[in-house]
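Here is a short briefing to read alongside the coordinates. Take a look at the entry below, and then we can walk through some of its features together.

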Amino acid sequence: MIDFLNSIIVLLNFIIIPGISYGSQLALGALGVTFVYAILRFANFAHGEIMSFGAMITILFTWFFQSQNIGLGILPTALLALPIGIIATIILCIISDKFVFQYYRYQKSVPVVLAMVSIGVMFVINAIIRIIIGTETIKFSDGQKFIMKAKQFKVMTGLNEGLALKSSQVITILITILLLTFTFWFLQKTKTGKSMRAFSDNEDLALLSGINPDRVVFTTWIIVGVLACVAGTLYGLDKSYKPIIYLNLVLPIFASAIVGGIGSPFGAVVGGYVIAFSEIMVTYAYKKFFVYLLPSSIEPTGLVQLLSTDYKFAVSFSILVIVLLIRPSGIFKGKVL
Amino acid sequence: MNNLIGKNLTAGYGGVDIIKDINLEVNEGEIVVIVGPNGAGKSTAMKALLGMLSLTSGFVEYSNEEISSMLPQNRINLGLAFVPQTNNVFTGMTVEENLEMGGFLRDDDIIHTINDVYDLFPILKEKRNQSAGELSGGQRQQVAFGRALMTQPKILMLDEPTAGVSPIVMDELFSRIIEVRKTGVGILMVEQNAKQALAIADRGYVLVNGKNSREGTGEELLNNPEVRKSFLGG
């Protein structure tokens, strides 16, 4: 019995909790990509860099607040800087729209052209970030690091295995719940949210109903800015901030959005968790888990790891391929908000 | 008295004029039908009136005011409404949300107008929380119609409102159109079912090859031997 409990704790500690928090970060990222796809109708490859930019501004202001000795006590100072990061990210989105995307939209360019344009925007933002903050790994989480330490848990329960709960994980999960609830409420209940769904559903009819396309696009960028900055900051807070990581994050984020059914916000969220859990479950070494569960005679000697963690991006790619082969429309049929 | 007039309209797509020198007029409280063979430019004429394509020459007047260069959205604001032939509902949204989107531009309380639409199409009230994409063709057409009525238009333009619905539903839709006219709305419609449409029309226009070929009251056109022979099947 104790062995069974220990094995469950191992799973919780190494797969479920990290999976939920990584999944939340992917879900928020994928939701941003989905909004751009459903309203502006192109795949925004710059999304990872927009996230990175938001996280960078948040870090800069975190440093500033730290130098002024302003903090939130046990909570990370980054939460105080986050609203400023969000505003800066929204401004970045709107500037890139006004100077770049708007032109192609008015030209009625095909989506693939806009996707290529977004790659250009991605490089520009990436360069700006490197000039401002460099390429080093930055740890900016402060405050109380753990809500529960592994050791505390062991003492508390008397089990062999510890269960650690990082405050960044709890913050990630809480903020994600808050933001997702707000986003879905906004889309379903408010007039502006409904007009965005209408625009995404049938652009011509939305115009005939008097819905102003420029306002819909503007609101979209505001939402995208909020989602991207929060997702980027939470990821950096949980792991660490490094510009190159956000470039790599674009792949699992797009996989999440497509797996869930591109254009469907609910699908994007589900896709985020599917990708996160797959990556973690396939690359986790289950040796400890089986040692607890199996009698010592058939205990595994190897690591019982399906793939090395170096291959975790291959996992998102494989899931993407499998979904596109079996169910090309994604888990939830997409296209419309 | 509000009226919509198209004078000497010439327009088309990609530099090719589909309608040439067409005159159309619709007044408040009357049903006007445009009939003609396939490819005669009926729908194009209607889109030209709404500003969905730019005019090569001619102009559009609404209540003695020239609106030729106005965007379609702004014409909606003036009191025009349009129901396209296809893709005329928001398929992912509920019936009620479709109606709400129809009244998007209004700042006043739209609940009364929604109830008016439900009175006109009782089936929509039953299906108010169902998504419009799940409805039958005839019900969808009613949603489309209702959405257009939400702006409380003075002139309503319908592009083949009965395309692809059964004869029973068609009769039903036509009787609703007559009811809408009673409230003082002017209706301009393009119809394939020319016979039935002319029967309820106050006036009609026959377009052939993008030109005005004939006009008159519904009855005159119905009884005209030439018109009967060409599009009404004898």
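Predicted model: local features only at pLDDT ≥ 70, side-chain atom pairs only at ≥ 80, totals over all residues.

Residues are numbered from 1 along each chain as its sequence is written, while chains are lettered from A and ligands numbered from 1 in the order in which they are written. Helices (H or I, at least four residues) and strands (E, at least two) are DSSP runs numbered from the N terminus, and two strands pair if DSSP finds at least two bridges between them.

**The four-stranded sheet of chain B**
- Four strands make an open, antiparallel sheet in chain B, ordered β2-β1-β4-β5.
- Its edges are β2 (16-27) and β5 (65-66) of chain B, each of which pairs on one side only.
- Strand β1(B), residues 3-13, is joined to the antiparallel β2(B) by 8 bridges, and Ala11(B) stands opposite Ile19(B) in β2(B).
- Helix α1(B), residues 42-50, lies across β1, β2 and β4 (55-62) of chain B, at about 115 degrees to β1(B).
- Contact here puts the C-beta atoms of two residues, placed from the backbone, within 7 Å.
- Angles run from 0 to 180 degrees between N-to-C directions, using axes fitted to C-alpha atoms, for helices over the stretch in contact.

**The six-stranded sheet of chain B**
- Another open sheet in chain B has 6 strands with mixed pairing, in the order β6-β7-β8-β3-β9-β10.
- Here β6 (80-83) and β10 (211-217) of chain B are the edge strands, and the twist averages 15 degrees from one strand to the next.
- Strands β6(B) and β7(B) run parallel, joined by 4 bridges, with Leu80(B) opposite Ile155(B) in β7(B).
- Helix α6(B) packs on this sheet, touching β6 and β7 of chain B, and makes about 165 degrees with β6(B).

**Residues to check**
- Most residues other than glycine have a negative phi.
- Lys108(A), however, has a positive phi near 55 degrees; it is found in the loop between α3 (78-106) and α4 (111-133) of chain A.
- Gln152(B) also has a positive phi, about 50 degrees, and is found in the loop between α6 (137-149) and β7 (155-159) of chain B.
- Lys108(A) is exposed, because 7 other C-beta atoms lie within 10 Å (buried means 20 or more, exposed 12 or fewer, partly exposed in between, with C-beta atoms placed from the backbone).
- Gln152(B) is partly exposed, because its count is 17.
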